[in-house]
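The stops below are meant to be taken in order.

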Amino acid sequence: MLPVRVVLAVQDSEYVEPLLQYIHGSEYVKKMQVTAFTRVEALLQYRDIPDLIVGEANMLEAWLSEEMLSVPWIVLAEGGEEPNLAGEGLTAAKYQPLPQLLDLWMSHAGGNRTRKNEFHSGSTQIIGLVSVLGGSGRTTAAVNMARQLGVMGLKVFYLNLETVNSSALFSDGNRREGTFSRLLYEIKSSQENGERNELSLARYVMVHDALKCDVFEPSDHLKELMEMTAEDVKVLIDLISKSGQYDVIVIDTDNQSRERLHAVMENCHFLLWILLDDLISMYKNGIWLSHMEKENSDWFGQIMGKSRFIVNRFTGSLGNPLPRKDMRMDGMLPYIPSWKQVQQEDLLLCSPIFQREILKLCSDLLGETGWFGMRSTSGERAYG
């Protein structure tokens with residue numbers, strides 16, 4: 001059974017501490033992960049999105065005003081009060097037998113989440129992100145997607161295939177210099193010697209704590225990346241996906257290499273085109289797609305079948321029409337004004353509004369496969 005991620009928001013520490021102690025010493029320790037807050041300020045600084053929030057009305061009101069209406073809630077009430085809160089929730093007596101209270105938590109969260117062990121098909125889902133226009137926010141979307149899926153408990157690999165790997169800005173200090181270059185060399189050698197199956201992934205992978213996923217060490221050797229063939233990219237994707245270690249691979253690539261781009265398009269299950277709502281972005285996307293169609297209409301049809309068009313920096317309405325009748329806006333990512341002049345890269349990972357839409361996009365995509373779910377480790381933490 002997958003543990004339920006619960007946020008507990010109660011100002012009285014004398015209520016919180018015995019409750020956490022009970023969970024820790026009971027069977028519920030394997031069923032839920034509880035993160036507790038006794039101050040509104042600390043609660044509003046919490047950036048992960050749980051399966052359920054339980055707490056006092058004043059704490060929940062502050063949380064729900066922070067664009068978290070999609071999270072189911074249970075308000076702990078006393079004396080028959082019935083708080084009026086927005087969203088999907090229940091009212092429960094604050095003081096009642098703990099097994100009864102915790103079973104209610106499990107039941108309410110369980111009705112609002114999809115469990116991966118019930119739906120996972122056993123195959124790795126591969127999501128490719130592309131953009132025709134530089135500066136469209138593709139990498140910001142990709143790293144947020146990888147991180148949020150990782151936070152929800154999925155095992156994720158973030159594969160950056162840009163010529164200049166801009167995800168290197170999100171360094172967490174666990175650098176393993178030169179490992180990706182060695183992997184590319186091994187791939188070339190394996191193709192020449194016909195020993196592809198002998199390649200080992202483990203020695204080249206690093207855990208990226210900030211992104212909550214596995215990655216390759218970013219390479220500064222641009223020539224190696226520019227010389228990657230479509231077959232190199234396919235071998236690399238196969239090596240990750242067939243390792244059996246990952247639920248999702250998020251691939252971030254630019255259009256500076258035709259072979260690299262086409263290999264990502266061909267080998268992903270979902271292809272996300274990141275658009276901007278401006279004249280130039282729409283025009284270039286239309287021209288690019290028309291060119292692909294003229295080159296190979298059959299291949300183009302296959303690519304369009306897996307394509308989803310996502311408008312980034314969306315402000316509430318589409319000012320410019322999509323350039324083709326076979327395109328539709330399949331999703332949106334909001335404009336975040338505070339990112340206009342970001343000087344600290346970690347701020348790009350800390351917007352609850354953007355995270356919410358990223359998770360909605362992931363749910364829409366992976367829900368099509370029937371197995372979008374969440375997984376995390378059990379335990380509990382308390383914050384004052």
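Is Lys234 buried, partly exposed or exposed? Its relative accessible area is 30%, so Lys234 counts as partly exposed. This value, like the others on the tour, comes from a predicted model.

**Stop 1**

**Stop 2: other salt bridges**

Side chains of opposite charge can pair when their charged atoms come close. Across the whole structure, a search finds 16 salt bridges.

Select Asp252 and Arg138. Their side chains meet in a salt bridge at 2.5 Å, N to O. Asp252 is in strand 10 (residues 248-252) and Arg138 in helix 6 (residues 138-151), so this pair ties together parts that lie 114 residues apart in sequence. Both Asp252 and Arg138 are buried.

Next select Arg324 and Glu293, whose side chains form a salt bridge of 3.0 Å, N to O. This pair also links distant parts of the chain: Arg324 is in the loop between strand 12 and strand 13 (329-334), Glu293 is in helix 11 (residues 279-295), and 31 residues separate them. Arg324 is buried at a relative accessible area of 14%, while Glu293, at 34%, is partly exposed.

To finish with salt bridges, show Glu56, Glu78 and Lys94 together. Salt bridges with shared partners join these three residues into one network.

**Stop 3: charges over rings**

The charged end of Lys94 sits over the ring of Tyr15, 5.1 Å from the ring centre. Then move to Lys31 and Tyr28: here the charged end of Lys31 sits over the Tyr28 ring, at 5.2 Å from its centre.

**Stop 4: aromatic pairs**

How many aromatic pairs does a search of the whole structure find? The search finds 6. For one of them, select Trp273 and Phe309, a stacked pair with 6.1 Å from centre to centre and 25° between the planes. The pair links distant parts of the chain, since Trp273 is in strand 11 (residues 270-276) and Phe309 in strand 12 (residues 307-314), 36 residues apart. Trp273 is buried, with a relative accessible area of 1%, and Phe309 is buried at 2%.

For a group of rings, select Phe157, Phe180, Phe216 and Tyr246, which form one aromatic cluster.

**Stop 5: helix 12**

Select helix 12, residues 297-306, and colour Trp299, Phe300, Ile303, Met304 and Lys306, which are buried. Why do they fall on the same side of helix 12? They cover an arc of only 165° around the axis, and this puts them on one side of the helix. Now turn the view to the face directed away from that buried side: the exposed residues Asp298, Gln302 and Gly305 are carried there.

**Stop 6**

Most residues other than glycine have a negative phi. Select Arg313, in strand 12. Arg313 is not a glycine, yet its phi is positive, about 55°. With 38% relative accessibility, Arg313 counts as partly exposed.

Then go to Lys212, in the loop between strand 8 (205-208) and strand 9 (213-216). Its phi is near 60°, again a positive value in a residue other than glycine. Lys212 is partly exposed, with a relative accessible area of 42%.

**Stop 6**

Val164 is placed in the loop between strand 7 (156-160) and helix 7 (179-193). Is Val164 buried or exposed? Its relative accessibility is 52%, so Val164 counts as exposed.

Technical notes: Residues numbered from 1 in each chain as written. Predicted model: local features only at pLDDT ≥ 70, side-chain atom pairs only at ≥ 80, totals over all residues. Heavy atoms only, no water. Helix = DSSP H or I, 4+ residues; strand = E, 2+ residues; numbered from the N terminus. Buried < 20%, exposed > 50% of the residue type's maximum accessible area, 1.4 Å probe, protein only. Phe/Tyr/Trp six-rings, centres within 6.5 Å; stacked < 30°, edge-to-face > 60°. Lys NZ or Arg CZ within 6 Å of the ring centre and 35° of its normal. Arc of directions from axis to C-beta. Salt bridge = Lys/Arg side-chain N within 4 Å of Asp/Glu carboxyl O.
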